[in-house]
Amino acid sequence: MEFTVENITVGLLGLGVAILIVVLVIQWFYLKGINRDINTLATDTKIFSDSAKSLSLDIKSLTLSLGALGQDIRNLNQNTGTFSGDLKGFVQDVVILNQSIDNLGNSVSGLIESQNRMTTGLEKVEKKQDEAGKSVERISRHFAE
């Protein structure tokens, strides 16, 4: 192979084309990697978007649950007030019941005292009847003699 201008030019052109092919191959691998990274980024972005949508739904659900909890607390406060009033009424009814039981006990005691007096009075009447009967018997024997 001779060193002529044509051969050197062809050699340099071949070397330039080879270098260009190597550069293009390297660029193709870099672009392929960038494309793969972009696809991965797109997948990750979709996953992030789905997670954000799920989080948004969870936040809405939590908001509704907190609203329901607030309503339950308001109802509990209202029912507690009603229960407190009912409990006060119950306590008053128990006080009235205790007073009624005391009054009934006093009435029963008075009834027992009256029964005892009546029994004593009946015993006196029976005793007088017995005495009167004895007197009648004596008188009858006296007239019979």
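**Labels and their cut-offs**

Mentor: Start with K46 and D50, which form a salt bridge with their closest N and O atoms 3.2 Å apart. This is a predicted model: local features need pLDDT of at least 70, side-chain atom pairs count only at pLDDT 80 or more, and totals for chains, interfaces and linings use all residues. Residues are numbered from 1 along each chain as its sequence is written, and side-chain values use heavy atoms, leaving out hydrogens and water.

Trainee: Why is the contact of K46 and D50 called a salt bridge?

Mentor: The term requires a side-chain nitrogen of Lys or Arg within 4 Å of a carboxyl oxygen of Asp or Glu. The closest N and O atoms of K46 and D50 are 3.2 Å apart, so the pair meets that definition. A search of the whole structure finds one salt bridge.

Trainee: What separates K46 and D50 along the helix?

Mentor: About one helical turn, because they are four residues apart in helix α1 (residues 5–144).

Trainee: Is K46 exposed or buried?

Mentor: Exposed means over 50% relative accessible area, buried under 20%, and partly exposed in between (1.4 Å probe, protein chains only). K46 has 52% and is exposed, whereas D50 has 36% and is partly exposed.

Trainee: What makes the pair of W28 and F29 edge-to-face?

Mentor: Rings of Phe, Tyr and Trp (its six-membered ring) pair if their centres lie within 6.5 Å; planes under 30 degrees apart count as stacked, over 60 as edge-to-face and the rest as tilted. For W28 and F29 the centres are 5.2 Å apart and the planes at 65°, so the pair is edge-to-face.

How values were computed. Helix = DSSP H or I, 4+ residues; strand = E, 2+ residues; numbered from the N terminus.
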